[in-house]
Amino acid sequence: MIRANAEGNSGEPVTHARFRRMARMRAFDEACLDALRRGVIHGELHVGLGQEAVAAGMAESLRPEDAVVSSHRNHFHALAKGVDARALLAEICERETGLCRGRGGHMHPFDPATNFSATGIVGASLPVALGYAHAFGMQGGDAVAIGVTGDGGSHTGGFHESMVMAGARRLPLVALVENNALAISVPFSEISPTATVAERSSAYGALGLHVDGTDVDAVARVFAQAMDHARAGRGPVIVEATCHRFRGHFEGDPEGYRPREERRRLREQFDPLTLYRARLEAAGESPDVLDGILAAEKSGMKTLLAEVLEDEMPDPAGALDHVFTDNAGRPA
Amino acid sequence: MNNRLANDRRAMPLPATIAEAIALEMERDPSILCIGEDIGRAGGVFGTTRGLLDRFGRDRVVDAPIAEMAFSGMAVGLAQAGMRPLVEIMFVDFIGVCLEQVYNAAAKIPYMSGGRQRMPIVFKTAGGCIGSAAQHSQCLWGLFAHLPGIKVVAPCNPHDHKGLMAEALRSDDPVVFIEHKDLLLRKGKDFRHHPEVPDEAYTVPMGKAAVVRPGTDVTLATLSLSVEHALEAAETVAAEGISVEVIDLRSIVPLDTDTVARSAASTGRLLVVDEDYLSFGLSAELTLRVIERLGLTGLRQVERLAVPDVPIPAALSLEKAVLPGPDKIAQRLRQMAGGR
C-alpha cells in the first residue's frame with residue numbers, strides 16, 4: 001500500500017491519511033463557523049463543507065514547488081498545499097498573527113512560502129496560475145501550477161484566455177474546476193453550453209478529465225494523472241470534479257434557490273466523509289479507528305481556534321502599512 | 001566624436017530609447033520578461049520593444065494573443081513566482097478589459113498579504129490624443145492614481161523615459177508607465193525639452209518633479225505631452241512679459257507636492273494643466289494638496305485646464321476644442337497674469 005506524503009501523519013496507511021485530511025478540512029471549516037457565530041469573522045464567509053474530497057484528493061500529488069491559486073472558497077486548498085493551519089485560521093479570524101497580518105481575511109490568503117494564493121474574484125485564479133506556469137516553464141523544472149475555480153468561474157473570459165495561452169505554449173497548468181452545480185443560485189445545467197466543463201478541453205489542446213468529486217480515491221487517482229501529464233510537459237489539463245455544496249454560497253445566504261429538503265438529501269447521499277467511511281468499513285476497517293481520527297482532528301481544531309482567539313487584533317496604527325514597499329505615494 | 005554621439009542621441013526616436021532602457025534592464029536582471037500584443041515580431045506598434053525578441057527569446061518576450069485578462073493576471077502569477085514582468089497594454093484605453101487584474105490583484109496583493117507578497121510589475125501603455133477618437137485617446141492616469149497600490153508615471157522626454165523605465169523595472173511595487181503617443185511618434189529633434197540621454201543605464205526616481213523652465217509670475221504644473229505644450233505657451237507669453245515656471249511632475253503616484261508648493265508659494269499663482277479628464281482627477285488633487293500646504297490665503301490664484309468631462313471626439317476641430325493645447329494654455333496664462 002502506498003504511503004501518504006506531507007500533511008498526513010507520517011507512516012499511516014493512505015486510507016487513513018485520506019480520511020484524516022478530509023476530517024481535518026471539515027473540522028477547520030466547522031471551526032470557522034464557530035468563530036463566525038461568535039462574531040469573530042466579518043464579511044462573507046465561504047465554507048467548503050461537502051467538497052472535502054476534492055482538495056484532499058489533490059493534496060497527495062502536490063509538491064512544495066508546485067503552486068496553487070485558489071478561489072473565494074479556498075480553505076481546503078490552502079490546507080492541501082501545506083499552508084500552516086494556525087496562520088490560516090488566525091488570518092480568517094483577522095489576527096495580527098495571521099498569514100497576512102489580518103489584512104487579507106478569509107478570501108485573500110497569500111503564502112509565498114508554500115506558493116499558495118487565492119482571489120475573491122470568480123475565475124481570476126486562472127490567469128495568476130498561468131503566470132506561475134509560464135515561470136515554471138522558463139525555470140525548466142517540472143513544477144505545475146494549479147488554478148482552482150468553480151463551475152461559475154469556468155464561464156469567465158479569463159478562464160478561456162488562460163487556457164488559450166497555456167494550450168498554445170503547452171504550459172504546465174492544471175485548471176481544477178470544482179463543479180458544485182451552482183453558480184450562487186444558477187444551476188450549471190441552465191447556463192453551460194456543454195454537459196461538462198472537461199469536454200471544453202479539446203478547444204485548448206488540453207487534456208480533459210472528469211471525476212466524481214465526492215470520491216476521494218477517484219480524485220486522488222485522476223488528479224495524479226493530470227499532474228503527471230502537466231509535469232511531463234504535455235500541456236494543460238482541465239480536471240472537473242463534480243461535488244455538492246452543503247451550505248449556502250456564503251454564510252447568511254438565504255438559499256431561496258433550493259429547498260431545504262434538497263440540501264438534506266445532498267448531505268445524506270453525497271457526504272464524502274460518510275461515503276469514504278462506508279467504503280473503508282466494507283473493506284474491514286475498524287469504525288473505532290475512523291472515529292478516533294475524526295475526534296482527534298475535531299479536538300485539535302478546537303484547541304487551535306481557542307489559541308487563535310487569544311491572539312492580538314492588528315494595531316490600528318498599522319492600517320496604512322504595506323501599500324508600497326517604501327510607504328511612498330501616500331498623500332503628503 | 002562625443003558631439004556626433006550626442007547628435008545621434010538627439011535624433012534617436014523615443015521608442016528606440018525605451019527599447020534600449022528595457023534591454024539594459026533585461027540584460028542586468030534575468031527575472032525581467034515582457035508580455036504583450038505585437039511586442040515580439042513587430043517590436044511593438046510604436047517600436048518600444050524592437051529588437052528584444054531576437055535578443056532575449058520567446059520565453060522572455062512573449063507575443064501574447066489578444067487576451068489581456070490572461071496576460072495581465074499572468075504577470076501577477078509571474079511576480080509571485082519570483083519574476084519581474086513588464087506587461088504592455090497596447091493603448092491605455094484597453095485597460096477596461098483587464099482592470100480587474102491590475103487593481104484587484106496587482107495593486108492590492110502587497111497590502112492584502114500584509115507586505116509578504118511583493119508585486120514587481122510594470123504595466124506599460126500608450127495614452128494621449130493623436131486624433132484617434134474616444135477609444136484610443138485617453139490618458140487615464142487619474143484613474144490609476146485613484147486606486148491605492150499602484151505607482152503611476154508619465155514622462156515627457158527621452159531622458160526621463162529611459163531613467164523612469166529603469167526605475168520602474170527595479171521597483172518592487174506595481175507601476176503603470178504611461179507613454180504619450182504624440183511623443184512616441186515625434187522626431188527626436190522636435191522635442192523642446194530634451195536633456196541629454198546617457199548611453200549607460202541610469203534611474204530617475206519616481207515622485208521627484210523637475211522644474212523645466214524657471215519663472216516668477218505663474219507656476220504651471222503638468223506632465224507628459226503637456227510639458228511640451230506648456231513650454232511652447234510659456235515661450236509665447238514670455239514675449240509679452242509674463243514669466244512662467246513650468247514644472248514636469250513626471251509621476252502622479254507619488255506626487256511631488258513639495259516642488260509645486262514651493263514654486264507656487266513664490267509666484268502666488270498655480271495653473272495645473274492635465275490632458276486627462278477634469279473632474280475628480282489630477283488637477284483637483286494637486287491643487288488641493290498645494291492649498292493644504294500653503295493655506296487658503298497662500299495663493300492669489302488657482303486655475304486648472306483639463307479635458308472637460310467629455311469623450312475625445314474624432315473630428316480634429318472638436319478634439320482641439322476639448323484639449324488643453326498650447327493656445328489655450330497661453331490664453332489662460334494671460335488671464336492669470338492679467339489679474340495681478
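This is a predicted model: local features need pLDDT of at least 70, side-chain atom pairs count only at pLDDT 80 or more; totals for chains, interfaces and linings use all residues.
A residue is called buried here when its relative accessible area is under 20%, and A:His72, with a relative accessible area of 13%, is therefore buried. Over all chains the structure holds 47 salt bridges, and the count of aromatic pairs over all chains comes to three.

- In chain A, the loop between strand 1 (67-70) and helix 3 (75-81) is the place of A:His72.

**Salt bridges within chain A**

- A:Glu60 and A:Arg21 meet through their side chains in a salt bridge at 3.8 Å, N to O, and this pair links distant parts of the chain, 39 residues apart, with A:Glu60 in the loop between helix 2 (52-59) and strand 1 of chain A and A:Arg21 in helix 1 (residues 14-37) of chain A.
- Both partners are buried, A:Glu60 having a relative accessible area of 18% and A:Arg21 a relative accessible area of 6%.
- In the salt bridge of A:Arg103 with A:Glu96, the closest N and O atoms are 3.3 Å apart; A:Arg103 is buried at a relative accessible area of 14%, whereas A:Glu96 is partly exposed at 31%.
- A further salt bridge joins the side chains of A:Asp215 and A:Arg279 at 2.9 Å, N to O.
- Because A:Asp215 lies in the loop between strand 7 (207-212) and helix 8 (216-231) of chain A, and A:Arg279 in helix 10 (residues 272-282) of chain A, this pair ties together parts that are 64 residues apart in sequence.
- A:Asp215 counts as buried at 18% relative accessibility, while A:Arg279, with a relative accessible area of 38%, is partly exposed.
- Through shared partners, salt bridges join A:Arg18, A:Arg21, A:Glu60, A:Asp215, A:Asp217 and A:Arg279 into one network.

**Contact between chain A and chain B**

- On the two sides of this interface, 42 residues of chain A are in contact with 44 residues of chain B, and the area buried between the chains is about 3,600 Å², of which carbon and sulfur atoms give 63%.
- Two salt bridges are counted between chain A and chain B, including that of A:Arg169 with B:Asp59, in which the closest N and O atoms are 4.0 Å apart.
- There are also 15 residue pairs in polar contact between chain A and chain B, with both residues at pLDDT 80 or more.
- The elements that give two or more residues to the side of chain A that touches chain B are helix 5 (125-139) and helix 6 (157-169) of chain A, and helix 5 of chain A gives the most, with nine residues.

**Aromatic rings and charges**

- The ring centres of B:Phe91 and B:Phe94 are 5.5 Å apart and the planes lie at 10°, so this pair is stacked.
- B:Phe91 counts as buried at 10% relative accessibility, and ring pairs link B:Phe46, B:Phe91 and B:Phe94 into a cluster.
- The charged end of B:Lys151 sits over the ring of A:Phe324, 5.1 Å from the ring centre, and the charged end of B:Arg186 sits over the ring of B:Phe191, 5.9 Å from the ring centre.

Methods:
Residues are numbered from 1 along each chain as its sequence is written. Chains are lettered from A and ligands numbered from 1 in the order in which they are written. Side-chain values use heavy atoms; hydrogens and water are left out. Rings of Phe, Tyr and Trp (its six-membered ring) pair if their centres lie within 6.5 Å; planes under 30 degrees apart count as stacked, over 60 as edge-to-face and the rest as tilted. Buried means under 20% relative accessible area, exposed over 50%, partly exposed in between (1.4 Å probe, protein chains only). A charge sits over a ring if NZ of Lys or CZ of Arg is within 6 Å of the ring centre and within 35 degrees of the ring normal. Helices (H or I, at least four residues) and strands (E, at least two) are DSSP runs, numbered from the N terminus. Contact means heavy atoms within 4.5 Å. Buried area is the accessible area (1.4 Å probe) that two parts lose on being put together, summed over both. A polar contact is a pair of N or O atoms within 3.5 Å; within protein, one must be able to donate a hydrogen and the other to accept it, and residues adjacent in sequence count only if both atoms are side-chain atoms.
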